[in-house]
Amino acid sequence: MSDHVYNVLFLCNANSARSIMAEAILNRIGAGRFKGYSAGARPKGRVNPYAIQLLQSLSYDTSFARSKSWDEFSGADAPEMNFVFTLCDSTANESCPVWAGHPMTALWAVPDPSKAAGTDAVQHFAFADAYRMLNNRIGLFINLPIGSLDQLALKQHLEEIGRDQPRPN
């Protein structure tokens, strides 16, 4: 097993829910092999309380969670990313910064749980569903044989994961 740690950036518009949850998930299940980060095109400035509540209910330490701009990851002193995953369709249309190292990118659109309207139960369900989707995709991602795939095959796998239709091994 390689000692290489892959840096992964999860992007969303507000960096207040999906990208925060993805960062938490990757840092838990990919610990030692992957380091997750999150950012937004237009950060909201606060993390959605439903996201924090869900993560805490699943025993995540949420002290890392803060809404931040993707500009933090485009400067010379930023960690070099190996992968950048966009979690919302609208961010995919943004003019992204140029990422050092030219990381592999993919769109993994997940419905925005913060747009769920209704009772607390409806909103909690929306966040739980987004978490489930992210957890499944990240689980598939960390189990890819990254070191043995060529760039084209890896890109195809990443795109298939984003479509929730992973290729059988």
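Q: How many bridges join strand β1 to strand β3, and do they run parallel or antiparallel?
A: Strand β1 (residues 6-12) and strand β3 (residues 83-86) run parallel and are joined by 4 bridges, where strands are DSSP runs of E with at least two residues, numbered from the N terminus. This is a predicted model in which local features need pLDDT of at least 70, side-chain atom pairs count only at pLDDT 80 or more, and totals for chains, interfaces and linings use all residues. Residues are numbered from 1 along each chain as its sequence is written, and side-chain values use heavy atoms, with hydrogens and water left out.

Q: Which residue in β3 does Leu9 stand opposite?
A: Leu9 stands opposite Val84.

Q: What is the strand order in the open sheet?
A: The order of the 4 strands is β2-β1-β3-β4, with parallel pairing, and two strands pair if DSSP finds at least two bridges between them.

Q: And which are the edge strands?
A: Those are β2 (34-40) and β4 (104-107), each of which pairs on one side only.

Q: Switching to helices, at what angle do the axes of α4 and α5 cross?
A: The axes of helix α4 (residues 120-142) and helix α5 (residues 151-162) cross at roughly 165° and come within 10 Å; axes are lines fitted to C-alpha atoms, for helices over the stretch in contact, with angles from 0 to 180 degrees between N-to-C directions, and helices are DSSP runs of H or I with at least four residues.

Q: Which residues make that contact?
A: Arg137, Leu140 and Phe141 of α4 meet Leu158, Ile161 and Gly162 of α5, contact meaning heavy atoms within 4.5 Å.
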